[in-house]
Amino acid sequence: MLEYAVELEELSANPLHKVKLRKAKSDGEIDRRSVVNPVQARELLTAVTYVGRSRGLMLAAMFACMYFGGLRPAEAAGLRKKDCHLPATGWGLLTLEKTKPQSNKRFTDSGETHDDRGLKHRHTKETREVPVPPELVAILREHIDTHGAGEDGRLFRTRTGGLISGSAYAKVWKEARTYAFTPDQVASPLAGRPYDLRHAAVSLWLNAGVHAPEAAERAGHGVDVMLKVYAKCIDGQRDVANQRILDALAA
């Protein structure tokens, strides 16, 4: 507005240019205190099923997608039956195409709180394939057998077929933490948000020795951004790197 006033010559200069602001820089790194280990993650997923009469049971597989597949919450919310290749044995494959991000109705194209969007950091029609371990395959197969899919094919929805709001699944998650954790853990940042399941997944892949480009492809990240974001969560890699260098030198 002030710049426009300058263009109209109502003001000689923008007075805000004289104000110097120094914003605290955020490096975007994940707080390692929020990252759960596999035992804690499974305890949380079990605890989710105890929340409410049906809410937790419907959401347990959605949270499992975030941990075992590294999906973003909006990606898990938009997951459809046709996106899932779930064989009877072995690894499965999720082909992600749509997301269901939540926003204010005023800022969506449809006028609803959730819009159909493409994947983050990708072209609208671009997909991302995410291999998923047998444990998640079994969870999703059971979910489909029990709850089926909605009219639009979505796996996770309310009893009336609507989209589950972020506040609704956050409330379920908050209650599940009290069942799975000690009081001290509940008061800590440990898995404080559902999104922390995704952080735990990517941290696990990197610590397991999955090459950064492969982990980034599965997570839908750029390699440079992923390594920066998860730098503090990567443990025990120095000894592995040292040994690999020694082996290369001795070759």
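## A nonpolar patch

Ile245, Leu246 and Leu249 make a nonpolar surface patch of about 340 Å². Such patches join nonpolar side chains (Val, Leu, Ile, Met, Phe, Trp, Tyr) within 5 Å, from residues with over 30% relative accessible area and no salt bridge. A salt bridge is a side-chain nitrogen of Lys or Arg within 4 Å of a carboxyl oxygen of Asp or Glu. Areas come from the Shrake-Rupley method with a 1.4 Å probe.

Leu246 lies in helix α11, residues 237-250 (a helix is a DSSP run of H or I, at least four residues; a strand is a run of E, at least two). Leu246 counts as exposed because its relative accessibility is 52% (exposed is over 50%, buried under 20%, partly exposed in between).

## About the model

This is a predicted model: local features need pLDDT of at least 70, side-chain atom pairs count only at pLDDT 80 or more, and totals for chains, interfaces and linings use all residues. Residues are numbered from 1 along each chain as its sequence is written, and side-chain values use heavy atoms, leaving out hydrogens and water.

## A buried arginine

Arg72 sits in the loop between α3 (55-68) and α4 (73-77). Arg72 is buried, at 6% relative accessible area. Its side chain reaches the backbone oxygen of Gly220 at 3.2 Å (a polar contact pairs N or O atoms within 3.5 Å, one able to donate a hydrogen and the other to accept it).

## A three-stranded sheet

Three strands form an open sheet in the order β1-β2-β3, with antiparallel pairing. β1 (84-85) and β3 (128-132) are the edge strands; each has a single partner, so one side of each lacks a neighbour in the sheet.

β1 pairs with β2 (residues 92-96) over two bridges (pairing needs at least two DSSP bridges). His85 stands opposite Leu93 in β2.

Notes
Buried < 20%, exposed > 50% of the residue type's maximum accessible area, 1.4 Å probe, protein only. Patch = residues over 30% accessible without salt bridge, like charges linked within 9 Å, V, L, I, M, F, W, Y side chains within 5 Å.
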